[in-house]
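Visitor: Could you walk me through this model, one question at a time?
Guide: Gladly, let us have it in view first.

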Amino acid sequence: MTEKEIVNMIYIRREAGMEELVRHYSPLVRYIIKPILENEHDREECLSDVMMSAWNNISQYNESRGSLSAWLTAIARNTALNRARNNKKHAENDELDEKMPSANPTPEQAVLENERKLALKRALDKLEKTERLLFYRKYYYMQPTAQIAREMGMTERAVEGRLYRIKQKLRKLMGGDERD
């Protein structure tokens, strides 16, 4: 079944669409959330949350902005990060929670954060494809260095060295200091 057929089936609320979504995309979602969530039970709940989110929000999917797998990848990453954050927050005691700064940024902080994100995106777009892939795998998908090395046919030391040079390059592209 094609991606478009799956999307159409979900859009018209046919259960077979959800079954196909789960069958085709569960391995990808598991791959994305595994480095983020340590607990197997959390990973399974997160997988369910991702699939339900896709089902409930299929109207937000826009084929012109990317593939279904890219959309699911973003949902999976964000859902897993939120779950990890919530797990960590629940594990901390109330005293630490009181010392945390407010989660609501001021308008000035929000503008600065958006500017930093745009600058980083522009800098990432200037990297070679393999550099960008390496950066995203480590810092966006939070994959362990050993996994990246194994899957890209490199040594861990080579991955770490490339990441170090990529960070220096990004710092320079963003107009920052080149020192570590």
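Guide: A word on terms to begin: buried means under 20% relative accessible area, exposed over 50%, and partly exposed in between, with a 1.4 Å probe and protein chains only. This is a predicted model, in which local features need pLDDT of at least 70 and side-chain atom pairs count only at pLDDT 80 or more, while totals for chains, interfaces and linings use all residues. Residues are numbered from 1 along each chain as its sequence is written, and side-chain values use heavy atoms, with hydrogens and water left out.

Visitor: Is phenylalanine 135 buried or exposed?
Guide: The relative accessibility of phenylalanine 135 is 12%.

Visitor: What kind of pair do the rings of phenylalanine 135 and tyrosine 136 form?
Guide: Rings of Phe, Tyr and Trp (its six-membered ring) pair if their centres lie within 6.5 Å; planes under 30 degrees apart count as stacked, over 60 as edge-to-face and the rest as tilted. Here the centres are 6.4 Å apart and the planes stand at 75 degrees, so the pair is edge-to-face.

Visitor: Which residues do ring pairs link into a cluster?
Guide: By the ring rule, the count comes to five aromatic pairs. The cluster that ring pairs link consists of Phe135, Tyr136, Tyr139, Tyr140 and Tyr141.

Visitor: Why is the pair of tyrosine 61 and tryptophan 71 classed as it is?
Guide: Tyrosine 61 is in the loop between helix H3 (40–56) and helix H4 (68–91), and tryptophan 71 is in helix H4, ten residues apart. Helices here are DSSP runs (H or I, at least four residues), numbered from the N terminus. Both tyrosine 61 and tryptophan 71 are buried. Their ring centres are 5.5 Å apart with planes at 55 degrees, so the pair is tilted.

Visitor: How far from the ring centre of tyrosine 140 is the charged end of arginine 77?
Guide: A charge sits over a ring if NZ of Lys or CZ of Arg is within 6 Å of the ring centre and within 35 degrees of the ring normal. The charged end of arginine 77 does sit over the ring of tyrosine 140, and its distance from the centre is 3.7 Å.

Visitor: At what angle do helix H7 and helix H8 pack?
Guide: Axes are lines fitted to C-alpha atoms, for helices over the stretch in contact, and angles run from 0 to 180 degrees between N-to-C directions. For H7 (residues 129–140) and H8 (residues 145–152), the axes are 10 Å apart and the angle is about 145 degrees.

Visitor: Which residues of H7 and H8 make the contact?
Guide: Contact means heavy atoms within 4.5 Å. H8 contributes Thr145, Gln147, Ile148, Glu151 and Met152, and H7 contributes Leu133, Leu134, Arg137 and Lys138.

Visitor: What is the phi of methionine 142?
Guide: Most residues other than glycine have a negative phi. Methionine 142 lies in the loop between H7 and H8, and is partly exposed, with a relative accessible area of 35%. Although methionine 142 is not a glycine, its phi is positive, at about 55 degrees.

Visitor: Which residues does arginine 83 touch, not counting those up to four places away in sequence?
Guide: Arginine 83 lies in helix H4. At 16% relative accessibility, arginine 83 counts as buried. Its contacts, with that sequence limit, are Leu37, Asp42, Glu45, Cys46 and Asp49.

Conventions
Helices (H or I, at least four residues) and strands (E, at least two) are DSSP runs, numbered from the N terminus.
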